[in-house]
Amino acid sequence: MLSSHVIGHIAVVGIGATAVMDAWLLLLARLGVPTTGFALVGRWVGHLPRGRFAHAAISKAEPVKFELGLGWLTHYLIGIAYAGLLIAVQGAAWLDQPTWLPALIVGIVTVAAPWFVMQPAMGAGFAATKTPTPLKNGLRTVANHAVFGSGLYLAAAALARLTH
């Protein structure tokens, strides 16, 4: 059983890593690169309690109340869960002396969720194969998750400095 102290650190690392990814997505958007629409993530999540998992095109699905907020909340909760995955694999001691490679690997491994769950369920196909540029979109997803993995390390390193 993890202590509340470790759980708190996992939450901070997950939030920090997600914020690093968001800064990356903001940079991409300012450079004209298409990025994730969190309202559509919220729309997808909002349809789950209604028994609707898959959509031909999530953008054409009926909007749900507060979908943008729900999308952002989901995004950050997933980031915390992925930080928990890292600690489950590496152990809580990693939080005291974080290293970059395990965080990067976890970040890249988490690309499985959008490729094999979210993108197909939102109508984009496995690994975005139903989009106009599947290779570009798939590689962008890998890059985004590599940035997230680096964010796991950066957030943990900053937290370790603050707490030691």
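Visitor: Where is Ala 128 found?
Guide: Ala 128 is in the loop between H5 and H6. The H labels are helices: DSSP runs of H or I with at least four residues, numbered from the N terminus, while strands are E runs of at least two. This is a predicted model, so local features need pLDDT of at least 70 and side-chain atom pairs count only at pLDDT 80 or more, whereas totals for chains, interfaces and linings use all residues. Residues are numbered from 1 along each chain as its sequence is written, and side-chain values use heavy atoms, with hydrogens and water left out.

Visitor: Is Ala 128 buried or exposed?
Guide: Ala 128 is buried, with a relative accessible area of 2%. The cut-offs use a 1.4 Å probe and protein chains only: buried is under 20% relative accessible area, exposed is over 50%, and partly exposed is in between.

Visitor: What about phi of Ala 128?
Guide: Phi is positive there, near 60°, and the residue is not a glycine. Most residues other than glycine have a negative phi. Ala 127 also has a positive phi, about 50°. Ala 127 sits in the loop between H5 and H6 too.

Visitor: New topic, H2. How many residues of H2 are buried?
Guide: 8 of the 10 residues of H2 (residues 38-47) are buried, so H2 is largely enclosed by the rest of the structure. Among them are Phe 38, Arg 43, Trp 44 and His 47.

Visitor: Which helices do those buried residues pack against?
Guide: H1, H3 and H5. Contact here means heavy atoms within 4.5 Å.

Visitor: What does His 47 touch?
Guide: Leaving out residues up to four places away in sequence, His 47 touches Arg 52, His 55, Ala 61, Glu 62 and Val 64. His 47 itself is buried, at a relative accessible area of 7%.

Visitor: At what angle do H2 and H3 cross?
Guide: Roughly 90°, and their axes come within 6 Å. That makes H2 roughly perpendicular to H3. Axes are lines fitted to C-alpha atoms, for helices over the stretch in contact, and angles run from 0 to 180 degrees between N-to-C directions. Under 35 degrees is roughly parallel, over 145 roughly antiparallel, 65 to 115 roughly perpendicular and the rest oblique.

Visitor: Which residues make the contact?
Guide: On the H2 side, Phe 38, Val 41 and Arg 43 are among them; on the H3 side, Glu 67, Leu 70 and Trp 72 are among them. The contact of H2 with H3 divides into 7 nonpolar, 5 polar and 2 charged residues. Nonpolar covers Ala, Val, Leu, Ile, Met, Phe, Trp, Tyr, Cys and Pro; charged covers Asp, Glu, Lys and Arg; the others, Gly among them, are polar.

Visitor: And how do H1 and H3 pack?
Guide: H1 (residues 4-30) and H3 (residues 67-90) pack at about 125°, with axes 8 Å apart. That makes H1 oblique to H3. The meeting residues include Ile 10, Gly 14 and Asp 22 in H1, and Trp 72, Gly 79 and Ile 87 in H3. The contact of H1 with H3 divides into 11 nonpolar, 5 polar and 1 charged.

Visitor: Switching to aromatics. How many pairs turn up?
Guide: A search of the whole structure finds 6 aromatic pairs. Trp 44 and Phe 53 have ring centres 5.6 Å apart and planes at 65°, so that pair is edge-to-face. Rings of Phe, Tyr and Trp (its six-membered ring) pair if their centres lie within 6.5 Å; planes under 30 degrees apart are stacked, over 60 edge-to-face and the rest tilted. Trp 44 is buried at 7% relative accessibility, while Phe 53 is partly exposed at 43%.

Visitor: What about Tyr 82 and Phe 148?
Guide: Their ring centres are 6.0 Å apart and their planes at 70°, so the pair is edge-to-face. Tyr 82 lies in H3 and Phe 148 in H6 (residues 134-163), so the pair ties together parts 66 residues apart in sequence. Tyr 82 is buried at 16% relative accessibility, and Phe 148 is buried at 2%.

Visitor: Which residues do ring pairs link into a cluster?
Guide: Phe 38, Trp 72 and Tyr 76.
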